[in-house]
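Please open the model in your viewer and keep the selection tool at hand. We will go from stop to stop, with a note on what to pick each time.

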Amino acid sequence: MLDGRDDLARAAEGLGARLPPALVVLARIAYNYRWSWLPGGAELFRDVDPERWDQVHANPVRLLEEASAPALARAAADTQLLERTARIAALIDADLQRAPAEVPDTPLIGEHPAAFFCAEYAVHASLPIYSGGLGALAGDLLKQASDQALPLVAVGLLYRQGYFRQRIDAGGWQHEYWVDTDPERVPAALITGADGRPLQISVVLRDTQVHAQIWRVQVGRVPLLLLDSDVAENDGVSRWITARLYVSDAELRLAQYALLGLGGVRALHALGIDPALLHLNEGHAAFAALEIARERMAEGDPLELALAGARGRTVFTTHTPVPAGNESYPLDQVARSLQAVADELGLGVEGLGRLGRSHPDETAEPFGVTQFALRTSRRANGVSRRHGAVAREMWQELWPGCPVDEVPITHVTNGVHAASWLGPEMRALLDRHLGSGWLSRSASPDTWSGGQSVPDAELWAARQAQRARLVEHLRDHSVSGRLARGDVIAYAEAAAASLSPDTLTIGFARRLATYKRLRLLIADRERARELLRGDRPVQLVLAGKAHPRDEEAKRLLAELFELKSGREVAERVVFLDDYDLGAAALLVQGCDVWVNLPRPPLEASGTSGMKSAVNGGLHLSVLDGWWAEAYDGRNGWALSGDVDPDHAAQDARDGAELQRLLTEEVIPSFHERDGDGLPRAWLERVRRSLCTLGPAFSAGRMLDDYAGRIYRAD
Ligand SMILES: *Cc1c(COP(=O)(O)O)cnc(C)c1O
């Protein structure tokens, strides 16, 4: 097998050879992320050396490499740990040995999987090759495909420096920095060829032959193949192509996209994988279709037939309802990376341009990546019902004369992989009440109906425990965080008392883009302070990164930090630096209310609220993205989703309504307790939220939709 399976096994053997024999099985577990969504999986590694587990950011390979000899000896003698390890290893083996699922009415079979392409994957905090929601969705989809034994292989890029990390200074100003990841020290293996040397593919980009090697990461049953251009054969610029996620230089970014698309298809074929279809998740991978067409021409098809053939094997998911978010470039810039393949196809630069314009004949129009993807795929979808409608309107001009309702873009609403996001107490609760194996039936409303009978006291205990864990974590990290920021000692010390484990906790964590309107939370300073200070106080946990060049978002962050003067605020508002998967898990598990304030209709879907909902959090959001189809009047709270061109008026209205909801509904409901100290009405809302949102926004439902409607053969 030249597809990297043996390379992963060898990497695990190499790691195991340095461990006491009793722990060798842990090395094998380390090289497949399947452990990360099994209850007790992370604890196996943590219990070898808890402090080191924190220091290595939950990277199992580094943990086993760096754990001290005494820690390893202790673990090797811990029979209880060894028993747990054996049990988890057996579960993983059984999972991997299942036969591939049959996927009716699709071309997918074990030998011809779907090839999923994406520029970022958030599989685990220890593999930092993601920036946010798109990556989180991709990671969840891979895990769900593994759970359902759906034949799927994923393709991406290995960014040695990933996305920027965030540090906030005492003035609230964001600073960006990058950290190198050594791929040798994450659970990845470099794929070697028959000669034992790293297998390479190459693509001509920018008049240069660019080489890339391929790493394999195992996500349960799903292989994730990551191209890496940082090889000795390349010049300095080419080596930088896969250095950082979403580089700002346009030419380099296009080279990334071309490497992902063209190189990704070549990599699959180099490994003997012949996918039945390509699923391009967002436009970054769009150029994969060109490579399929090129292959067909090499086999003798004329251009039109080759393009039709590529189209027949490609499906596309768009995630961007913000017009400026749909990337477009001057055609000559695109040609720098795609000239070679366009010439080989006989398309030429102009032929390429026609595929990337909304109006093919308007040569002044720049080349749009989304337009190109729409023209070269046989099915396309947005990621929520509302986003589907927005996308049909946005792209109607590509189908002149077609009524907007008939524009061939449908929707598959996003979902989340519950096993990855559930906190331990909620997981245990649902395991007790939803029946054994419920996760494999998580897309069915029947599965969740067991949630109706969860006793209030049990539900509340799980919620209390998850909030307390969040508060404990924030206290631990806030004192040093504030000191590191250069804050005054008194403010840093206030962090030790910050947040209370029993106080209503509101979370707002997301990209700090202007359209997400974090400003609404603090627009009225006096009322915001009142909320935090009142005799029924709330506490606020915030996190999120501003795009490095988004000065407006950065100024907003700084304004937020101005709020902190005053003891109540210092104790009741926490900003968590460097929002990532680990922080997201902690927040969605612990917060009581999850707030989302996008300016409609600019939220494609949003998924963090779904993660909160499965954990018994309540969603308070504008009726945009997924919430527009999820809210039923009793499973959370909603703000108007109406579009209003007068942004200032809209913000004033929504800000006032947000305050009203919080003070008249959310806060009283949380505090209304019965003789047993239980907030009965609150818990009823939580139960309703779990039972309605759990199935509808599960990754299982999402993957069923993709298999049934998007991957379906014509
Ligand atoms: C889920 C997730 C997101 C997406 O959240 P939205 O609701 O779309 O804002 C972003 N970043 C991380 C780290 C996540 O886990």
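This is a predicted model: local features need pLDDT of at least 70, side-chain atom pairs count only at pLDDT 80 or more; totals for chains, interfaces and linings use all residues.

Is threonine 317 buried or exposed? Its relative accessibility is 0%, and buried means under 20%, so threonine 317 counts as buried. Colour by secondary structure and you will find threonine 317 in strand E10, which covers residues 314-317.

Now show what surrounds threonine 317. Leaving out residues up to four places away in sequence, threonine 317 touches His279, Leu280, Asn281, Glu282, Asn381, Val383 and Tyr706. Pick tyrosine 706 from that list: its side chain makes a polar contact of 3.4 Å with the side chain of threonine 317.

**The ligand**

Next, centre the view on the ligand. How many residues surround the ligand? There are 14, and the closest are Trp421, Arg510, Thr607, Ser608 and Lys611. By type, this shell divides into five nonpolar, five polar and four charged residues.

Try the distance tool on three of these neighbours. For lysine 611, an N or O atom of the side chain is 2.6 Å from an oxygen atom of the ligand. Arginine 510 also uses its side chain, with a polar atom 3.0 Å from a ligand oxygen. With threonine 607, pick the backbone instead: one of its N or O atoms lies 3.1 Å from an oxygen atom of the ligand.

Which helices each supply at least two residues of the shell around the ligand? Select helix H8 (133-147), helix H26 (581-590) and helix H27 (608-614) to see them.

**Helix H26**

Stay with H26 for a moment. This helix is mostly covered, with nine of its 10 residues buried. The buried residues are Leu581, Ala583, Ala584, Ala585, Leu586, Leu587, Val588, Gln589 and Gly590. Then zoom in on the start of H26, where a side-chain oxygen of aspartate 580 comes within 3.1 Å of the backbone nitrogen of glycine 582.

**Alanine 12**

Move on to alanine 12, which sits in helix H1 (residues 5-16). Why does alanine 12 count as buried? Its relative accessible area is 8%, and the cut-off for buried is under 20%, so alanine 12 qualifies. Setting aside residues up to four places away in sequence, alanine 12 touches Ala27, Arg28 and Tyr31.

**Glutamate 66**

Now select glutamate 66, in helix H5 (residues 60-66). What joins the side chains of glutamate 66 and arginine 62? You will find a polar contact of 2.7 Å between them. Apart from neighbours within four places in sequence, glutamate 66 is in contact with Arg52, Val56 and Arg185. Arginine 52 is 14 residues from glutamate 66 along the chain, and their C-alpha atoms are separated by 7.8 Å.

**Two cysteines**

For the last stop, select cysteine 402 and cysteine 691. Cysteine 402 counts as buried because its relative accessibility is 17%. Cysteine 691 is buried too, at 12% relative accessibility. If you look for disulfides, the structure holds zero.

Note on methods:
Residues are numbered from 1 along each chain as its sequence is written. Side-chain values use heavy atoms; hydrogens and water are left out. Helices (H or I, at least four residues) and strands (E, at least two) are DSSP runs, numbered from the N terminus. Contact means heavy atoms within 4.5 Å. A polar contact is a pair of N or O atoms within 3.5 Å; within protein, one must be able to donate a hydrogen and the other to accept it, and residues adjacent in sequence count only if both atoms are side-chain atoms. A disulfide is a pair of cysteine sulfur atoms within 2.5 Å. Buried means under 20% relative accessible area, exposed over 50%, partly exposed in between (1.4 Å probe, protein chains only). A residue is near a molecule or strand if one of its heavy atoms lies within 4 Å of it. Ala, Val, Leu, Ile, Met, Phe, Trp, Tyr, Cys and Pro count as nonpolar, Asp, Glu, Lys and Arg as charged, and the others, Gly among them, as polar.
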